[in-house]
Amino acid sequence: MELLEPTREAFRLLFTGDAELWRIIFISLSCSLAALLLIGPPSVALGFLIAKVAFPGRRALVVLVQALLSFPTVVVGLVIYMLLSRQGPLGFLKLLFTPEAMIIGYMVIALPVLVVFTLSAVQGADPRVYETARSLGAGKYRAAVTTLFEVRFGVMAALFNGFGRVVSEVGCSIMVGGNIAGLTRNIPTAIALETSKGEFAQGIALGFVLIVLALGVNVALSVLQGEGGMK
Amino acid sequence: MSYPVLELKSLIKSFPQRELLRGVDFALEAGGSYVLTGDNGCGKTTLLRIVAGLEAADGGMLRFKGAAIDLGHYPEALRRELVYVHQQPYLFNTGIAHNIAYGLKMRGVPKRRRELLVEEAIAWAGVGHLGSVLPHKLSGGEKQRVALARAKVLNPGLLLLDEPTANLDNDARRQTLALIEALRHEDVTVMIASHDREIIAMPHVERLHLEAGRVRAL
């Protein structure tokens, strides 16, 4: 297989601002970030509550959320497909094969990552954080925010990992997005499609973008942690 | 004229295999300094934490400034009157000034006033030279002094200190003792759980002793 020519073509596509390629990147980023923005706050709150509040069934909920971490994304896609399909209970919304359907799928996929990482960060926090905040006059909500701020690097790791999981996800995107050019074709589905057609240049370019994103996210986390994160 | 800030009656607290507090009664007068002594594990910390609303009591009555407090539903307003400082205080991983400003912010003190009060508290605790050092880099004594400044700046109705000089070296201990002594001039009612002989021997300090689940004055 000739690798040099497709690679050269890949970089040409990237650096000449190929409209189709950058549209795919835009769809990937916008859907992933929208999903994180929507599911991030409730997931972080849920992770905090599971970590801090004792309630019946807490252990079962933790096991369920942890199990969801390894849930195949294509199955998530299948469930959402069935819900959104014309005969499905949510078919009237007409969301199947739209970016909104992909965002819903990403939210479901990101939720366990965000909850488990937040739960772990809060459980690892010094119990004196919450007590100190309360003792200094903070209400329950404010003390929770203070605790989350104290474990902010763990919460950021949750968000970045959630982003990493959804931005590189194929199964659900194809199932509920349909890989429609210019509408729901994102980086991983485009790579799968182009590779299956034997067109490697775009796949290499998009793969390069994914790798840069993955590295960028980790570098950003490391920079944000800085000295404050290294106790 | 002095009046009771805190009155406890028949306070009880049990753990699964132990009855820790078996009817604690005492009263603290406004502006007074009190030291609570007792053997390790006798319940001093638990008692302070119950008063601060950080732990639930099994029964008993608490009055603060004459008002009866339902220990089952510790009022949020009371949290703004009492400040509890852990044996090893926790400082938020931000900065010293931010730590001291935290409680003021929770009380809605305007920014300018807050900055002024923080500045005064930093000078009072003698931690101005620490500047922007992050809390996790401070020594135990420095953390204790910042925590005392953070508590004192709130001008609490009652300040609860849990073993403030434990695990400190001599210098740090002396500086902490000086701040505790200085609190007396600030008209703050202080209750200190401690084994420190120097605190126990302070002339103005009234001594309470917790033994077999009950408190008696010495």
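1. Two residues are in contact if their C-beta atoms, placed from the backbone, lie within 7 Å. By that rule, residues 24 or more positions apart account for 70% of the contacts in chain B with a separation of 6 or more. In chain A, 75% of the contacts between residues at least 6 apart in sequence join residues at least 24 apart.

2. A note on the source. This is a predicted model, in which local features need pLDDT of at least 70 and side-chain atom pairs count only at pLDDT 80 or more, while totals for chains, interfaces and linings use all residues. Residues are numbered from 1 along each chain as its sequence is written, and chains are lettered from A and ligands numbered from 1 in the order in which they are written.

3. Chain A has 11 helices and zero strands, where helices (H or I, at least four residues) and strands (E, at least two) are DSSP runs numbered from the N terminus. Its C-alpha atoms fill a box of roughly 65 × 50 × 25 Å, taken along the principal axes. Of the 231 residues in chain A, 42% are buried. Buried here stands for 20 or more other C-beta atoms within 10 Å of the residue's own, exposed for 12 or fewer, and partly exposed for counts in between, with C-beta atoms placed from the backbone.

4. Within chain A, helix α8 (residues 152–167) and helix α11 (residues 200–225) pack at an angle of about 175°, with axes 10 Å apart. Axes are lines fitted to C-alpha atoms, for helices over the stretch in contact, and angles run from 0 to 180 degrees between N-to-C directions. The angle makes α8(A) roughly antiparallel to α11(A); the classes are roughly parallel under 35 degrees, roughly antiparallel over 145, roughly perpendicular from 65 to 115, and oblique for the rest. Among the residues making the contact are Phe153(A), Phe160(A) and Phe163(A) of α8(A), and Leu213(A), Leu221(A) and Leu224(A) of α11(A). The contact residues divide into 11 nonpolar, two polar and no charged. Ala, Val, Leu, Ile, Met, Phe, Trp, Tyr, Cys and Pro count as nonpolar, Asp, Glu, Lys and Arg as charged, and the others, Gly among them, as polar.

5. Chain B has seven helices and 10 strands. The radius of gyration of chain B is 17 Å, close to the 17 Å that the globule rule gives for 218 residues, so chain B is as compact as a globular protein of that length. The radius is taken over C-alpha atoms, and the rule is 2.2 Å times the number of residues to the power 0.38. The C-alpha atoms of chain B fill a box of roughly 45 × 40 × 40 Å along the principal axes, and 44% of its residues count as buried.

6. Helix α1 (residues 44–51) of chain B is mostly covered, with seven of its eight residues buried. Lys44(B) and Arg49(B) are among the buried residues, as are Leu47(B) and Leu48(B). Just after α1(B), Gly53(B) takes a positive phi of about 80°.

7. Trp124(B) lies in helix α4 (residues 111–125) of chain B. With 19 other C-beta atoms within 10 Å, Trp124(B) is partly exposed. Not counting residues up to four places away in sequence, Trp124(B) touches Ala149(B) and Lys152(B). The C-alpha atoms of Trp124(B) and Ala149(B) are 7.2 Å apart, although the two are 25 residues apart along the chain.

8. The contact between the chains takes 17 residues from chain B and 17 residues from chain A. On the side of chain B that touches chain A, α2 (76–79), β6 (82–85) and α3 (96–106) each supply at least two residues. The most comes from α3(B), with three residues. That side of chain B divides into nine nonpolar, four polar and four charged residues.
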